Amino acid sequence: MKWMRFRVRTTAEAEDILISAMQDIGLCGAQIEDHVPLTAAEKEQMFVDIMPEEQAGDDSAVLSFYVEETEDGRLLLQDEEIRPEEIRRKMEEQIRDLRRYSDTIGDGTVTIEETEDIDWVNNWKQFFHQFWIDDILVIPSWEKPQVTDREPVLTFHIDPGTAFGTGAHETTQLCIREIRKYLTKDTQILDVGTGSGILSILSLMLGAKSAVGTDLDPCAAPAIAENLEANGVKADRFEVILGNLIDDPKVQEEVGQNRYDIVVANILPDVLIPLTPAAVCAVKPGGVFITSGILEGKEESVAHAMKAAGLQIEEITAQGEWRCVTGRKAE
C-alpha cells in the first residue's frame, strides 16, 4: 500500500499541541523528527552497542502525518474520500487557530509527498514495551508479562493505538503518583484531555469510585472502551464527554461544578492556563487540581493561574525536565 505524507515544519515545543490539533481533523498518529538531545532513559532503551553521534540540539521539528491511498489513488480520512489539498487546507486552518493563543508554532508550513510501501500505522509498536510506574506494571496488548522477581500491585493492559500516549511519558507518571496521594474509595475524578483513559482507568483500578473524562478527539471513546474491557473495569464507572471544557457551556454543564475530589489535566501550559478557571469550578471544596505536561521553567506560570483561580499550591514535583503542579481548593 502507498501513503500520502503531510509534513509540518514547527518547533519541538509545539509538537504535542500540534499533534493534538491534527487529531481533531482525523490525522491520528505522527512521526516526529527533531534535534532535541536524547535523555538518559531514552538512550537506555536503544538496544545498540554504540550510540549514534548526536547533532547539536535546537528547537526545530518536523511532524509527518500519513493517510493511506486506495489502489485507485484515492485518499480516505475517517472513512470519507478527500483530496490532498483539502487535508492541507484543514491542517493550515488548525495551525492558524493555534497561533491565536500560542507563539511556539514556528514556521507552520505544510507540504505533501507520497511515501514508500511501509506499514506506518503499526511499525511504532516495535518500540513500545512493558514498563513499570513504581509498583504498577504497564503492558501493551501485544506482549506477555516478562517473568521477574518483582510482583506488581496491579497490571495495567493498554492498547494506545496511534492517537494517544502509552503512559511511559514522565508527565503521565507524575500525574499517577500525585493521584495516588489523594485517592480514596470515595474519590470521583475528572480527567481533562483523557486520551485513551490511562489516568482514569488506573484510578478506578486503584479504588476510585467513578471517573469522567473529557476529550476533543472522537477517537478517545473507542480507545477508552477497549482499555476498560482489557482491564476488567465496568464501562458504567467511566463517563466520556466529547468537547472543550474551556469554552463550551454544554460540556461545562455536563461536567458539573463542585463535583470532583480530583481533577487532573496532563496538557501543555498553553492550554492549562486558560483551562484552569473551568477546571477549578469542577473541583469540590477541599479537592485538588493536578496538572502536568509542564516543562521546567514554566511551572510558576501554571501555579500563578491556579492561585488566581483560588487554589492553594500543595506541591510542585519533578521528573526529568517535566513538572507537576498540584493545588487545593479551600473547604
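## Helix α6 and the glycine after it

Just after helix α6, G207 takes a positive phi of about 120°. Helix α6 spans residues 198-205 and is mostly covered, with seven of its eight residues buried. Those buried residues are I198, L199, S200, I201, L202, S203 and L204. Buried here means under 20% relative accessible area, exposed means over 50%, and partly exposed lies in between, for a 1.4 Å probe and protein chains only. Helices (H or I, at least four residues) and strands (E, at least two) are DSSP runs numbered from the N terminus.

## Basis of the model

This is a predicted model, in which local features need pLDDT of at least 70 and side-chain atom pairs count only at pLDDT 80 or more, while totals for chains, interfaces and linings use all residues. Residues are numbered from 1 along each chain as its sequence is written, and side-chain values use heavy atoms, with hydrogens and water left out.

## Overall composition

The protein chain contains ten helices and 16 strands. Of its 331 residues, 45% are buried. The chain exposes about 16800 Å², of which carbon and sulfur atoms supply 49%; accessible areas come from the Shrake-Rupley method with a 1.4 Å probe, and for residues only the protein chains shown count as cover.

Among contacts with a separation of 6 or more, 68% link residues 24 or more positions apart. A contact means heavy atoms within 4.5 Å.

## Nonpolar cores

The largest nonpolar core has 50 residues, and those with the most contacts inside it are L27, I87, M91, L190, V263 and F289. Helix α9 (residues 269-282) gives the most to this core, with seven residues. A second, separate core of 32 residues includes L199, A211, I224 and C324. A nonpolar core is a set of buried Ala, Val, Leu, Ile, Met, Phe, Trp, Tyr and Cys residues joined through side-chain atoms within 4.5 Å.

Residue V263 touches L190, V192, A279, A282, V283, V288, F289 and I290, when residues up to four places away in sequence are not counted. In soluble globular proteins, nonpolar side chains tend to be buried together.

## The four-stranded sheet

Four strands form an open, antiparallel sheet in the order β2-β3-β1-β6. Strands β2 (31-34) and β6 stand at the edges, each with a single partner strand, so one side of each has no neighbour in the sheet. Neighbouring strands are turned by 25° against each other on average, direction ignored. Two strands pair if DSSP finds at least two bridges between them. Strand β1 (residues 3-11) has eight of its nine residues buried, so it is largely enclosed by the rest of the structure. Nine bridges join β1 to the antiparallel strand β3 (residues 60-68); R5 has Y66 as its bridge partner in β3, and T10 has A61. Six bridges join β1 to strand β6 (residues 110-115), also running antiparallel, with E114 in β6 as the bridge partner of M4.

Two helices contact strands of this sheet. Helix α1 (residues 15-23) packs on the sheet and touches β1, β2 and β3, its direction making about 20° with that of β3. Helix α3 (residues 84-99) lies across β1, β3 and β6, running at about 140° to β6. Axes are lines fitted to C-alpha atoms, for helices over the stretch in contact, and angles run from 0 to 180 degrees between N-to-C directions.

## The three-stranded sheet

Three strands form an open sheet of mixed pairing in the order β7-β8-β9. Its edge strands, β7 (131-133) and β9 (154-158), each pair on one side only. Neighbouring strands of this sheet are turned by 30° against each other on average, direction ignored. Strand β7 runs antiparallel to β8 (residues 136-140), and three bridges join them. Within this pair, W132 stands opposite L137 in β8.

## Residue A318

Residue A318 lies in strand β15 (residues 311-319). A318 is exposed, with a relative accessible area of 52%. Not counting residues up to four places away in sequence, A318 touches L174 and R323. The C-alpha atoms of A318 and L295 are separated by 9.5 Å, and these residues are 23 apart along the chain.
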